[in-house]
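Good morning, and thank you for making time for this item. Please look at the display first.

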Amino acid sequence: MRRRGHAMLELAISAGVMVSFLAGTFQFGYAFYVYDQLVTAVGNGGRYAAMRTYRAASAEDVEKARTAIRNMVVYGDPRSGNGAAPAVAHLTPDQVDVEWTKGESGAPEWVAVSIREFPVDAVFAKFTFRGRPGVEFPFVGKYAPSEKEP
Amino acid sequence: MSVTMLLLLAVLGMAFDLGRVYIARNEAQVFTDAAAMGAASKLDGTTQGIERARTMVARVPMKWNLGTEKFTGVIVEFSSDGKKWERDPKDAGATMARVTAPSNQVEIFFLRAVGGPATFTVPARAVAGSNPVRLIQ
């Protein structure tokens, strides 16, 4: 009877340790998995943004470019957005920041693409990636200040 | 009990350590892509172009290890045929830039306890061509 009691006590202690280990494993594993997917997504968006022609006939054209880059990050396609599955579950284009750093001539020199805020629900805890992951690519595309977006 | 703990450490290590290794690999690849594209965009057939390409690579601000550490030991090489790569080419007519980030060492926490390595090196490399600037590899 006493032996059975010891076994129960051992199980209770070790089960607590094991459950917290497993919960931690799941949380870190899932968070890293999501972060890795986000790095891939912003990387794809950054490559596209770096090579894309910067048309700036009006503020509307710049906004169209921003939308295309956000779609590239989220859907892997600049024109997509209608019913397409996002590359990362629950990621939406409005969670993506796109900013150009311009030189003295007004031409973009760098383009930064980052995740503004993305909550991750890892079952045991919820946390939010803010401002990361982010990438910054040198702008290597054509600068067309008087062209309009098609 | 100790066998179970070892197994648990191994599983935790797979999730935690390998997760960070995969992220570092991805971050390094994005960095080398950006650096190679930036370098290739500066190549104009002159030695000044080569120098500007090197400066551009040094200015790429991206970091690794969850965006916290700067890339170090980055190698920039140039080629005009994609076969012979040189860090200081005698002929300034290079049309391709290759950037290698060779020394990104991810520290291993849990897998080390079950016989894994203390660090895991995650190198990355990218090649870009100029005119038009595009990634080749």
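How many of the 150 residues of chain A, as a percentage, count as buried? The value is 33%. Please bear in mind throughout that this is a predicted model.

Chain A has a mean pLDDT of 91, and 97% of its residues reach 70 or more. Within chain A, the element with the highest mean pLDDT, 98, is strand β3, residues 108–115. The lowest mean, 89, belongs to helix α1 of chain A, residues 2–51.

Next, the architecture. Chain A contains two helices and seven strands, and along the sequence they follow the pattern α-β-α-β-β-β-β-β-β. Why is chain A described as more spread out than a compact globule? Its radius of gyration is 23 Å, whereas the globule rule gives 15 Å for 150 residues; the value for chain A is well over that, so the chain counts as more spread out. Taken along the principal axes, the C-alpha atoms of chain A fill a box of roughly 90 × 35 × 20 Å. As for contacts inside chain A, consider those with a separation of 6 or more: 60% of them are between residues 24 or more positions apart.

I now come to the sheet. Which strands of chain A form an open sheet, and in what order? The order is β2-β3-β6, three strands with antiparallel pairing. Strands β2, residues 96–102, and β6, residues 134–138, of chain A are the edge strands, each pairing on one side only. From one strand to the next, the twist averages 15°. Between β2 and β3 of chain A, which run antiparallel, there are seven bridges.

Finally, the two chains together. How many residues of chain B are in contact with chain A? There are 24, and they meet 25 residues of chain A. On the chain B side, helix α1 of chain B, residues 2–42, supplies the largest share, with 17 residues. By residue class, that side of chain B divides into 16 nonpolar, five polar and three charged residues. I have described this interface by residue counts. The size of an interface is often given instead as the accessible area lost when the parts come together.

That concludes my presentation, and I thank you for your attention.

Notes: Residues are numbered from 1 along each chain as its sequence is written. Chains are lettered from A and ligands numbered from 1 in the order in which they are written. This is a predicted model: local features need pLDDT of at least 70, side-chain atom pairs count only at pLDDT 80 or more; totals for chains, interfaces and linings use all residues. Two residues are in contact if their C-beta atoms, placed from the backbone, lie within 7 Å. Helices (H or I, at least four residues) and strands (E, at least two) are DSSP runs, numbered from the N terminus. Ala, Val, Leu, Ile, Met, Phe, Trp, Tyr, Cys and Pro count as nonpolar, Asp, Glu, Lys and Arg as charged, and the others, Gly among them, as polar. pLDDT is the predictor's confidence in each residue, from 0 to 100. The radius of gyration is taken over C-alpha atoms; the globule rule is 2.2 Å times the number of residues to the power 0.38. A residue is buried if 20 or more other C-beta atoms lie within 10 Å of its own, exposed if 12 or fewer, and partly exposed in between; C-beta atoms are placed from the backbone. Two strands pair if DSSP finds at least two bridges between them. Axes are lines fitted to C-alpha atoms, for helices over the stretch in contact, and angles run from 0 to 180 degrees between N-to-C directions.
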